Amino acid sequence: MDRLARSGWARAGDAAAALPAHAGRWLAARTGWTPAGTPAAPGAVAPVPPSALPASVRAELGTIVGVEHVLVEADDRLGRSGGLSYVDLLRRRGAGDLLVPDAVVRPADPGEVGRVLAACAERGVGVVPFGGGTSVVGGVAALRGRFDSVVVLDLDRLDRLVSVDPVSRLAVLQAGVTAPRAEELLGRHGFTLGHFPQSYERATLGGFAATRSSGQASAGYGRFEDMVAGVRLATPRGDWRLGVAPASAAGPDLKHLVIGSEGAFGVITELTLRVRPKPVLTRYEGFVLDGWAAGVDAVRALTHDGVRGAVTRLSDPQETEVGFELKGGWKTRAVRGYLAARGVREPCLLIVGWEARTAAQLRAKRKATRASLRGAVALGRPVGEAWRHGRFAGPRQRDALMDQGVCVETLETAAHWSKLSELRAAVARALTAELTTAGRRPVVACHVSHTYETGASLYFTVLVPRDPEDPVGQWTRAKEAASAAIRGLGTITHHHAVGVDHAPHLAAEIGQLGVDVLRAVKRELDPEGVLNPGKLLPEDPTAPR
Ligand SMILES: Cc1cc2nc3c(=O)[nH]c(=O)nc-3n(C[C@H](O)[C@H](O)[C@H](O)COP(=O)(O)OP(=O)(O)OC[C@H]3O[C@@H](n4cnc5c(N)ncnc54)[C@H](O)[C@@H]3O)c2cc1C
């Protein structure tokens, strides 16, 4: 996907991501796209500027983490130049400005993190905490703020399972542990975290906590924040530990100042996480509802009746169609024929995945879900298992589409049930209006994959021929139009966080008072303002220069 970044997605699924000929024909007819070779080409990237980190600071950081862990080579800095949004990927392909950090610093433990932060605060060097670098909102952009230099603080060496408390079902893990590694380490003790976002292969526990991430199995395991029982934060003012009991009335829950703080208040070094026994049995099935309204009613009923699967994911008619067209083949034709024969005019695919410790438990869960889904057409196990098999393929498919000149990006929001359909319509309208030009007709598809008692998230995927003259502007304008449509109906972000991209919209959601409260917290924890300049909070115009 981003071949210049530190490490790519596992290569295993690459072949499956290539756009099949039949899907290419559909895309051309549907959107006006014609294949254009625009592969990722290292040569196309702007030259890397020399490091502006003063030699004395470099030497001081070297005494803390070891000189071999202060990296200033071009490739090392380039590999941590931004995250994985569509615009980030365009920048790596030579469109727009690429922000390159002056150095990469790799501390080994929480103590070293704290000392690096203290040194950077004293010397006036910006610090960008970096987990897996999968942010899609500019969260790891190497912005300097008011400083002359900025370093990326790569947490990849904080990769240990510190302890497990099987009685309380708690595990302490360091923040740089990636999601697959966490599953491996916890699996040895019979536990799982149950957090499976699409960025699973690369993202880290610290990144999940810092962004309030939500995984595909959130219906069964909750959002990442629900798993955080305790947190350890390194700040330029010292170490801060929170979370001594399962619940507390000792004032507001300060853990929630850290969860979602996006590296702007401190660096999460350790997390105490709630873990669950690994499921023994899993089963995924597909269902189809006729039309969006029926689909939303169905997932709302599943949620209110308490009979969702661990995975509960509803595609709207557009996303269902895209799925059918990309897959193609006789099996898809057979499914479409069957649905037509059953009188389904606007198929909306619903995937339900159950997990259980025993066959009896699994049967009971499945029975309860199916009873609630009385009006749905059951497509059975092959459809559900096919979704499960391909559930991490998205990043690779995006890479393949980008290589061929497609603008492909996603955005997410959430709203209460009573506003959900209005929100979906408003965002789809805004994106379609902004991206439609002579010869370009966007596909705007949407799904619900996180539901709550009071509402649900919406996740949009957009496909449109790329504007070769202004590829960054094409998407930036569309994203702005969508953000304006969201205002008053839903949240600016359900799980991608604020980063740079959503910062201008924060005040509209939490109020200017809310922004001021967050600024006050930042001033207390990071008085010099070195931590992740320009993220979460827009630059403070009143900050001393
Ligand atoms: C293809 C793709 C699919 C995605 N799917 C999902 C999804 O299903 N669900 C979802 O929730 N998100 C998803 N994301 C978004 C992204 O993966 C998440 O935001 C994830 O939580 C980021 O983890 P990371 O380790 O990569 O963090 P990074 O990208 O490295 O950092 C994210 C933010 O957290 C800060 N940060 C990182 N580590 C720390 C730390 N230890 N202490 C303090 N601050 C820190 C960074 O400075 C930055 O602001 C997806 C992204 C991509 C590219």
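Domain bounds here come from an automatic or database domain assignment. The shell around the ligand draws at least three residues from each of domain 1 (52-157) and domain 2 (161-277). This is a predicted model: local features need pLDDT of at least 70, side-chain atom pairs count only at pLDDT 80 or more, and totals for chains, interfaces and linings use all residues. Residues are numbered from 1 along each chain as its sequence is written.

**Overall build**
- The chain has 20 helices and 19 strands, where helices (H or I, at least four residues) and strands (E, at least two) are DSSP runs numbered from the N terminus.
- The radius of gyration, taken over C-alpha atoms, is compared with a globule rule of 2.2 Å times the number of residues to the power 0.38.
- The chain's value is 23 Å, close to the 24 Å that the rule gives for 545 residues, so the chain is as compact as a globular protein of that length.
- The C-alpha trace spans about 75 × 60 × 45 Å along its principal axes.
- Of the contacts with a separation of 6 or more, 78% join residues 24 or more positions apart; two residues are in contact if their C-beta atoms, placed from the backbone, lie within 7 Å.

**Ligand shell**
- The ligand is surrounded by 39 residues, and the closest are Gly131, Gly132, Gly139, Gly206 and Gly207; a residue counts as near if its C-beta atom, placed from the backbone, lies within 6 Å.
- Strand E3 (126-130), helix H8 (205-211), strand E10 (267-274) and helix H17 (394-403) each give two or more residues to this shell, and H8 gives the most, with five.
- The shell divides into 16 nonpolar, 21 polar and two charged residues; Ala, Val, Leu, Ile, Met, Phe, Trp, Tyr, Cys and Pro count as nonpolar, Asp, Glu, Lys and Arg as charged, and the others, Gly among them, as polar.

- Buried residues (20 or more other C-beta atoms within 10 Å of their own, with C-beta atoms placed from the backbone) make up 48% of the chain.

**Helix H13**
- In helix H13 (residues 317-327), the buried residues are Gln318, Glu319, Thr320 and Val322.
- Their cover includes strands E13 (311-315), E14 (347-356), E17 (443-448) and E19 (455-465).

Key: Buried ≥ 20, exposed ≤ 12 C-beta atoms within 10 Å, placed from the backbone.
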